[in-house]
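My notes follow in the order in which I looked things up.

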Amino acid sequence: MGLLSKKDQKLILDPLSDDNPITIQVLGICSALAITAQLKASIVMAVSVLFVLGIGNVVISLMRNIIPSKIRIIVQLIVVATLVIIVDQVLKAYAYSLSKELSVFVGLIITNCIIMGRFEAFALGNGPYKSFLDGIGNALGYGVILIIVGFFRELLGSGTLLGFKVLGDPIEKTGLYSIGYENNGFMLLSPMALIVVGLIIWVQRSKNPALVEEN
Amino acid sequence: MANTDGNGYTIGFATIMVIVVGGILAALATGLKPAIKENERFEKQQNILYAMGVNENGDDTGSVNFIPTDKVEEEFTKYIKETYIIQGGKIAQSDEAFKVDMKKESKLAKSTRKMPLYVGERDGKKFYVIPMYGKGLWDAIWGYVALDDQLVVQGATFDHKGETPGLGANIKERYFMDDFIGESIMNNGKYAGITVAKGNNDPKNLTKDDNEVDAMAGATITGDGVTAMIKSTLKSYIPHIQKLK
Amino acid sequence: MEHLELFFKSIFIDNMVFATFLGMCSYLAVSKKVSTAVGLGAAVIFVLAVTVPINWLLDQYILRDGALAWIDGSSNGEGYSGYDLSFLSFILFIATIATMVQLVEIVVEKFSPSLYNSLGIFLPLIAVNCAILGGSLFMQSRDIQTLGLATTYGIGSGIGWFLAILAIAAIREKIRYSNVPAPLRGLGITFIITGLMAIGFMSFGGMLTGGEEEEEETAVAIKTPAQEEINETATTVVSTTNEKEN
């Protein structure tokens, strides 16, 4: 981090904990619920958002002085959608198997309010370099929560991590399953993602009482 | 800096943006169309071959290994002997079968729908590969099921447009697709289809004559979609397969 | 009947918040008070009711494969019917939504400043509410057949969202009197309550399935004699019996 000034460091580090997009700013919840049943899907989504938010923030920041305020929402949405569609089409033509993996995420990225939220809150008022750092920082903060939730849901729900059977085989009754352990299928359902995020908030705010809400 | 709040500026900006964005996307879509179409054709061939057991799975039991794209064209002509189109209750040999757009056909009434059938041969055994198209939780799902003369499933592939990753999206995982192998679609001489069943106390799918495979946890609606798709599609193919064998 | 079925289905079974988890961000952020929740909910109903039919028209006559055929009356991929503009659907849907939201904002500001003041800040928020785009995308992927049904679907989904935010806002107002552990207060407990409510709503899912496919087949069989012929061959060859069709 020696390359970055104190202020720039803050841009990246704050969203990781004290200003986390999911647990504090309440942005990007829908996708956090939809895709965290598997660790792999969570990682893919985190990387995609990192990419789109980093570049999108720079683009919007470069355009910030010429965007008419009356139609800024349309402009922002169209910039994200165009970026995502371009990537999707290029992948379809030149890396088809990769695009098959990612195509499900396209819609989720466009509708992800974390992207619009950061455009509106940061990129419209700051220069491209700072916006880039802000984009990266927020995407990382978002990714961290996604990966934590994905880790617990896959481990407790399917007994696997990234597809590897870490707790033994539930059908052959090996490993943990031999002493009567069962997978909690409930963890795979979306409501449990809400509850896991709720518990993460609990842990985070117990560690940092400054974040506790009055009511 | 110009006044960015004026109506004239706003309209001008909007116009330019529409032209730029529209231009980029249209150029991209037209320019990449041939490459995308080719990839889609390869994928379809890979899927058909996979269903009839022509794949590179080898000893690997965990993941799906299609024939590589550079070989698939050649293998496809080698294994797929005849293609048919069923329409209005009549079956006819046709080279157009591969070009039938399942998505478009699925919107037509059953009596006017074109239904392709691929007949392949591997190691002296005949396979009837049936394409199907249905609906999952979020969007379209589709697949190919290969039957033999006895109407027993020899292989299946499924795919989807936008099912939830980690839940419904598991229909394209090996463990789900492999479950179908060996299941008969008939029960005591009657058509039964195959049901994706929850809690059938047979997670290893050892009982092959119950017309059931084990469902994916947390993906009820996608599983029901697969059941409905298989049931309604295979039903209209059976009389024609009986005639062909 | 069809309308009624779709209406209740979109409110309860396919509830935007509890079944598909769309529109969560504004749902969680703007549910502290019942009065503001009502304002936002009403705005969502309105925007969904307007944008879903508009996007249905766009999809039907511009976007889908062969949709441009009305320009020159061609068919089977000749002339205009050969175009497939579905890659533009995201952009056009979003543009419609953002335009509508901005339009509503301008109109309300002009004609009813008092309503604008109480609603004003929530209006721009609606454009980023993924429930709105979700409504249009579901309309497209589920092949809703007529403009009327699309409107019903839009209104129904909006009401479903409205009920959800109203319920959570009411709970949050009351929970102030409960002794919630300090770090969980506010957002944390809201997440957990929503999770529990979603589990409750899952029981409506049981009403979703059953008999849809069969009904469709019977309907087709009545219309077309050719279909019965196929069914007959099917019955004789493999002795399939289907009570509904025979």
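How much area do chain A and chain C bury between them? I get about 3,500 Å², with 82% of it on carbon and sulfur atoms; buried area here is the accessible area (1.4 Å probe) that two parts lose on being put together, summed over both.

Before going on, I note that this is a predicted model, where local features need pLDDT of at least 70 and side-chain atom pairs count only at pLDDT 80 or more, while totals for chains, interfaces and linings use all residues. Residues are numbered from 1 along each chain as its sequence is written, chains are lettered from A and ligands numbered from 1 in the order written, and side-chain values use heavy atoms, with hydrogens and water left out.

**A against C**

I looked for salt bridges (a side-chain nitrogen of Lys or Arg within 4 Å of a carboxyl oxygen of Asp or Glu), and the rule finds 0 across the interface of chain A and chain C. On the side of chain A that touches chain C, α2 (29–34), α4 (72–94), α5 (96–110), α6 (113–121) and α8 (190–207) each supply at least two residues. Helices here are DSSP runs of H or I, at least four residues, and strands are runs of E, at least two, numbered from the N terminus. The largest share, 11 residues, comes from α8(A). I also checked contacts (heavy atoms within 4.5 Å): 40 residues of chain A touch 37 of chain C.

**Cores**

Next I went to the nonpolar cores, sets of buried Ala, Val, Leu, Ile, Met, Phe, Trp, Tyr and Cys residues joined through side-chain atoms within 4.5 Å. Buried means under 20% relative accessible area, exposed over 50%, partly exposed in between (1.4 Å probe, protein chains only). The largest core has 113 residues, and Trp161(C) is among those with the most contacts inside it, as are Ile29(A) and Met45(A). α4(A) gives the most to this core, 10 residues. Another core, of 38 residues, lies apart from it and includes Tyr50(B) and Ile185(B).

**Two spots in chain B**

Tyr50(B) sits in helix α1 (residues 7–51) of chain B and counts as buried because its relative accessible area is 5%. Leaving aside neighbours within four places in sequence, I find Tyr50(B) in contact with, among them, Phe66(B), Arg174(B) and Met177(B).

Glu183(B) lies in the loop between α4 (174–178) and β7 (186–187) of chain B. Why does Glu183(B) count as buried? Because its relative accessibility is 0%. A polar atom of the Glu183(B) side chain lies 3.5 Å from the backbone nitrogen of Glu212(B).

Note on methods: Polar contact = N/O pair within 3.5 Å; in protein donor to acceptor, adjacent residues only side chain to side chain.
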